[in-house]
Amino acid sequence: MFETLKKSRLLSHIALERVGVYLELIGIEIKLHGREIAMRMIGYAAAIFFAILAVIFIGVAIILTFWDSPYRTGAAWGVVALYVVVAGLGLFFSRRHTPSESTFSTLRNELKQDIELVKESI
């Protein structure tokens, strides 16, 4: 009984020491993840803006090319189809390229190691 209490007291002391480390890890990972998200969002915003402009002007160029021909209606619907395909490709690639590592993976690994240490010592 006293041995269990002694181990519990020792483990609680270790856990309290580790809380400071966990808080530091959380702060560091939030800063790193925040920068990563900001840079990614700026890049995505620029890419989306110019992709939308490119697709719009491609559509206008196609319609103007066929304006004085009997294929004007087909060209307009072809542009609509092009927009749908581009939108579908955008959705496909955005879902395919998700980050492989979660935000707090380092913290999670540290917690798992500490839990294993506690299990071994009990």
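Tutor: Start with a definition: a helix here is a DSSP run of H or I at least four residues long, and helices are numbered from the N terminus. The model is a predicted one.

Student: OK, how many helices and strands are there in the protein?
Tutor: The protein has three helices and zero strands. Along the sequence the pattern reads α-α-α.

Student: How confident is the prediction, in pLDDT?
Tutor: The mean pLDDT of the protein is 81, and 89% of the residues score at least 70.

Student: And which elements have the lowest and the highest mean pLDDT?
Tutor: The lowest mean belongs to α3, at 76, and the highest to helix α2 (residues 72–96), at 86.

Student: Switching topic. Which side chains meet in a salt bridge?
Tutor: The structure holds one salt bridge. It joins the side chains of E36 and R40, with 2.6 Å from N to O.

Student: Where do E36 and R40 sit relative to one another in the helix?
Tutor: Both are in helix α1 (residues 2–65), and because they are four residues apart there, about one helical turn separates them. In general, side chains of opposite charge can pair when their charged atoms come close.

Student: What share of the residues is buried overall?
Tutor: Of the 122 residues in the protein, 9% are buried. The accessible surface is about 10,200 Å², and carbon and sulfur atoms account for 71% of that area.

Student: Give me a buried residue, then. Is D114 buried or exposed?
Tutor: D114 has a relative accessible area of 17%, so it falls under the 20% cut-off and counts as buried. D114 lies in helix α3 (residues 105–121).

Student: What is D114 in contact with, beyond its neighbours in sequence?
Tutor: Setting aside residues within four places in sequence, D114 is in contact with R18 and Y22. D114 and I14 are 100 residues apart in sequence, yet their C-alpha atoms are 9.5 Å apart in space.

Student: What share of the contacts in the protein joins residues at least 24 apart?
Tutor: Counting contacts between residues at least 6 apart in sequence, 74% join residues at least 24 apart.

Student: New topic: rings. How many aromatic pairs does the structure hold?
Tutor: It holds two aromatic pairs. F49 and F50 form an edge-to-face pair, with centres 5.1 Å apart and 75° between the planes. F92 and F93 also form an edge-to-face pair, at 5.2 Å centre to centre and 70° between the planes.

Student: How exposed are F50, F92 and F93?
Tutor: F50 is exposed, with a relative accessible area of 54%. F92 is partly exposed at 46%, and F93 is partly exposed at 39%.

Student: Last one. What lies over the face of W67?
Tutor: R72 does, at 4.5 Å from the ring centre.

Definitions and conventions:
Residues are numbered from 1 along each chain as its sequence is written. This is a predicted model: local features need pLDDT of at least 70, side-chain atom pairs count only at pLDDT 80 or more; totals for chains, interfaces and linings use all residues. Side-chain values use heavy atoms; hydrogens and water are left out. Helices (H or I, at least four residues) and strands (E, at least two) are DSSP runs, numbered from the N terminus. Buried means under 20% relative accessible area, exposed over 50%, partly exposed in between (1.4 Å probe, protein chains only). Contact means heavy atoms within 4.5 Å. Accessible areas come from the Shrake-Rupley method with a 1.4 Å probe; for residues, only the protein chains shown count as cover. Rings of Phe, Tyr and Trp (its six-membered ring) pair if their centres lie within 6.5 Å; planes under 30 degrees apart count as stacked, over 60 as edge-to-face and the rest as tilted. A charge sits over a ring if NZ of Lys or CZ of Arg is within 6 Å of the ring centre and within 35 degrees of the ring normal. A salt bridge is a side-chain nitrogen of Lys or Arg within 4 Å of a carboxyl oxygen of Asp or Glu. pLDDT is the predictor's confidence in each residue, from 0 to 100.
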